[in-house]
Each structure stands twice: as C-alpha cells, then as structure tokens.
Amino acid sequence: MSLDSMEIDLTEKLITPSKPMLDAEVGESKASVNASQKWRPAPTRREQEKWDRAAKAATGGSEVLLRETRRSQEDPNILAARSEEQYLKLKDKLQFLTLGIGGVGIVSAYVSYSPEIAASYGAGLLGSLMYLRMLGNSVDSLRTDGPKALIKGAVGQPRLLVPVVLVMIYNRWNGILSAEYGLMHLELIPMLVGFFTYKIATFAQAIEEAVAIVGKKTET
C-alpha cells in the first residue's frame, strides 16, 4: 500500500540495501566457498588418467598446430624439394629392403628345405621387385601428369597382373619344361610368399618410422 502511494518517497530504501543484509549475503557466499573447498572430493585414479590423457592430447594438438604453422611459413619450393628427396629415399630403401629380405629368404629356403623351394621363392621375389618398380612408376607419373595419370592408373594397372603372371609361369613351367625337359619342379606357395616380400619390407619401414617418431617425442 505504501508503494502505491505517490506521496511517500521510498527511493533511498529501495536502492541502498541495509548493511546487515549485505553482511549476511557476504557471509553466506564465504561459507559456500569454504564448504566447496573443504568438501571437494579427490579424483579417482581412472579420472586422473582421463585428465592426463586429455592434457597430453591438448598439448600434442598445439604442438602439431605450431609445427604446421612453421612449415607454412617456409618456402614452398624448399618444401617440395625436401618432400621429393624423402620420397626418392623411401622408394630406394623399400627396394633394397625387399631385396635384402628376399635374399635372406632364399638362403633360408635353400638350407632348410630344398633348391626347388628356394627357386620358387626367388621367382616370387622377382615378381615382388617388379611390382614395386611398377608402383613407383605409377606414383612418378602422378607427379608429372597429374589428373590424367590418375585416370590412366584407375583404368589400367598392369602391376596387378604380376601375381597372375607368376601363376601362369608356374603352370607353364611345370606343364612343359619340368615334364618334358626334366627341369626342377616349382612350388606355388613359396612363389606367392616370395611375391609378398614387399609387404614385409613395407611393414618393417613403417615400424622404423614409428620408432623414430616416438624417440623424437621422448627427447622433446
């Protein structure tokens, strides 16, 4: 009823709160803060591990962003030359690694099994080296021709015919040369194992790069 009356001025009472009310509000806020600080539970081991992983992921993402920004500030020609050099080294390393693993496989097959198994593995190894060579040529053509080479590679990929050629050689060799001329008999399974030697070399290369990356992270 006092508020409805136009004769009474209640401006000071409505704007300025009383000091006891302010003291009570400040006391309640301090009590709530002290209670929250006092009764805050400690994180469990699982929660702590989750927080640690989240912190590592956040810092790792920031490091990647900083690294990418630094790379973007470099000269594109220098980056292209560096990438090309890394690609050529990787291609040569894969070929030499495949040849080295294949040589160990041939010697092991000759010592452990028989000359026929070793010869079959060697024939598959030749197909593996040929496959890697064709794969490198297709990647090189992508660098020079661009989208045209991509369309050509999608339409016809002769490297996919290498295992088919190996199977045909196996059939013709055993059907004609081995039966009529008395040459050694080839085995299909060692030929296929020799062909997939490049997979072992690729896996070994991936493991080496992963170990190098982990070693750099531990050093930093």
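This note goes through the predicted model point by point, from overall make-up to single side chains.

1. **Basis.** The model is predicted: local features need pLDDT of at least 70, side-chain atom pairs count only at pLDDT 80 or more, and totals for chains, interfaces and linings use all residues. Numbering starts from 1 along each chain as its sequence is written, and side-chain values use heavy atoms, with hydrogens and water left out.

2. **Make-up.** The protein has 9 helices and 0 strands. Helices (H or I, at least four residues) and strands (E, at least two) are DSSP runs, numbered from the N terminus. Of the 220 residues, 16% are buried. Buried means under 20% relative accessible area, exposed over 50%, and partly exposed in between (1.4 Å probe, protein chains only). The accessible surface comes to about 17200 Å², and 64% of this belongs to carbon and sulfur atoms. Areas come from the Shrake-Rupley method with a 1.4 Å probe; for residues, only the protein chains shown count as cover.

3. **Contacts.** Residues 24 or more positions apart account for 68% of them.

4. **Core.** The largest nonpolar core holds 9 residues: Tyr-131, Leu-132, Val-162, Leu-166, Tyr-170, Leu-186, Met-191, Phe-195 and Tyr-198. Such a core is a set of buried Ala, Val, Leu, Ile, Met, Phe, Trp, Tyr and Cys residues joined through side-chain atoms within 4.5 Å. Helices α5 (115-145), α7 (162-181) and α8 (188-195) each supply at least two of its residues. α7 gives the most, with 3. Beyond four places away in sequence, Phe-195 touches Gly-124, Leu-125, Gly-127, Ser-128, Tyr-131, Val-162, Pro-163 and Leu-166.

5. **Surface patch.** Leu-161, Val-164, Val-165, Met-168 and Ile-169 form a nonpolar surface patch with about 440 Å² of accessible area together. Patches take residues with over 30% relative accessible area and no salt bridge; like charges are joined within 9 Å, nonpolar side chains (Val, Leu, Ile, Met, Phe, Trp, Tyr) within 5 Å. Val-165 sits in helix α7. Val-165 counts as partly exposed because its relative accessibility is 42%.

6. **Helix α4.** This helix covers residues 76-112. Its 37 residues should span 54 Å at 1.5 Å a residue, and the end C-alpha atoms are 53 Å apart, which agrees. The expected span is 1.5 Å times one less than the number of residues. Buried in α4 are Lys-91, Leu-94, Thr-98, Gly-102, Gly-105 and Ala-109. Lys-91 counts as buried because its relative accessible area is 18%. Lys-91 touches Gly-136 and Asp-140, leaving aside residues up to four places away in sequence.

7. **Helix α9.** Residues 197-219 make up this helix, which reaches 33 Å between its first and last C-alpha, close to the 33 Å expected. Its buried residues are Thr-197, Tyr-198, Ala-201 and Gln-205.

8. **Salt bridges.** The whole structure has 2. The criterion is a side-chain nitrogen of Lys or Arg within 4 Å of a carboxyl oxygen of Asp or Glu. Lys-89 pairs with Glu-85, the closest N and O atoms being 3.4 Å apart. Both lie in α4, 4 residues apart, about one turn of the helix. Lys-89 is exposed at 55% relative accessibility; Glu-85 is partly exposed at 43%.

9. Lys-93 and Glu-208 meet in a salt bridge at 2.8 Å, N to O. This pair links distant parts of the chain, with Lys-93 in α4 and Glu-208 in α9, 115 residues apart. Lys-93 is partly exposed at 35% relative accessibility. Glu-208 is partly exposed too, at 41%.

Note on methods:
Contact = heavy atoms within 4.5 Å.
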